[in-house]
Amino acid sequence: MGTGGIDVDRGRDEATIRARAARQDLGGLEDVMLTLDRTMQIMQESLTSLRSAGLLDVDIAVTGDTVLLGAGSQLDSIALVTFVTEMEDRLNRETGQELYLILTDLHDFNPETAKLSADTLARYVVKLAQS
């Protein structure tokens with residue numbers, strides 16, 4: 001149950017059902033376009049879920065500059081692994097594809113920095129969903 005008495009999981013499940021039904025109406029052949037904005041929303045939903053589960057001590061408002069990995073990150077190692085798993089689950093439901101976030105690929109995607117920002121992850125996810 002989310003804040004304000006809203007059942008977040010139920011709403012997400014209903015959205016997934018509607019998205020799958022729409023794909024089936026088109027023969028399941030259309031591409032699900034994942035935008036940068038939607039990817040940032042999925043990150044926010046995942047971090048909110050981690051906070052609700054007690055894996056984060058603070059609320060994190062996702063912006064492009066939010067550090068997810070590296071100096072300045074609010075995620076410890078367990079929270080990071082859980083975040084990646086949560087993101088994969090949500091992305092798989094959202095797109096109907098099996099998408100996996102591979103940290104070594106992320107580094108190759110942004111080799112100039114030792115930090116992983118939300119913007120970098122979002123761009124990687126969108127590219128991954130299109131391939």
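On a 1 Å grid over the protein atoms alone, a cavity is a set of points where a 1.4 Å probe fits but cannot get out, and lining residues have an atom within 4 Å of a point. Grid points are joined across faces, edges and corners, and the volume is the space filled by probe spheres set on the points.

Ground rules next. This is a predicted model, with local features needing pLDDT of at least 70 and side-chain atom pairs counting only at pLDDT 80 or more, while totals for chains, interfaces and linings use all residues. Residues are numbered from 1 along each chain as its sequence is written, and side-chain values use heavy atoms, with hydrogens and water left out.

Now the layout. The protein chain has 5 helices and 2 strands. Both come from DSSP runs, numbered from the N terminus: helices are H or I with at least four residues, strands are E with at least two. In sequence order the pattern is α-α-β-α-α-β-α. Of the 131 residues in the protein chain, 35% are buried. Buried means under 20% relative accessible area, with a 1.4 Å probe and protein chains only.

The largest cavity has a volume of about 30 Å³. What lines the largest cavity? Leu80, Phe83, Val84, Leu101, Leu103, Leu106, Leu116 and Leu121 do. Helix 3 (77-95) and helix 4 (103-109) are the elements giving two or more residues to that lining. Helix 3 has the largest share, 3 residues. By class, the lining has 8 nonpolar residues, no polar and no charged. Here Ala, Val, Leu, Ile, Met, Phe, Trp, Tyr, Cys and Pro count as nonpolar, Asp, Glu, Lys and Arg as charged, and the others, Gly among them, as polar.

Next, the core. A nonpolar core is a set of buried Ala, Val, Leu, Ile, Met, Phe, Trp, Tyr and Cys residues joined through side-chain atoms within 4.5 Å. The largest one has 27 residues, of which Met43, Leu68, Leu75, Phe83 and Leu121 touch the most other members. Helix 2 (36-52), helix 3 and helix 5 (118-130) each supply at least two residues of this core. Take Leu75. Beyond its neighbours within four places in sequence, Leu75 contacts Leu47, Leu50, Leu56, Leu68, Leu80 and Phe83.

Helix 2 now. Its buried residues include Met43, Leu47 and Leu50. The buried residues of helix 2 pack against strand 1 (67-69), helix 3 and helix 5. Just after helix 2, Gly54 takes a positive phi of about 85°.

Then helix 5. Among its buried residues are Leu121, Ala122, Val125 and Val126. They pack against helix 2, strand 1, helix 3, helix 4 and strand 2 (116-117).

Why does Leu34 count as buried? Because its relative accessibility is 4%. Not counting residues up to four places away in sequence, Leu34 touches Thr39, Ile42, Leu91, Glu94, Thr95, Val125, Val126 and Ala129. The C-alpha atoms of Leu34 and Ala122 are separated by 9.6 Å, with the two residues 88 apart along the chain.

Methods
On a 1 Å grid over the protein atoms alone, a cavity is a set of points where a 1.4 Å probe fits but cannot get out, and a pocket is an open set with protein on both sides within 12 Å along at least five of seven lines; lining residues have an atom within 4 Å of a point. Buried means under 20% relative accessible area, exposed over 50%, partly exposed in between (1.4 Å probe, protein chains only). Contact means heavy atoms within 4.5 Å.
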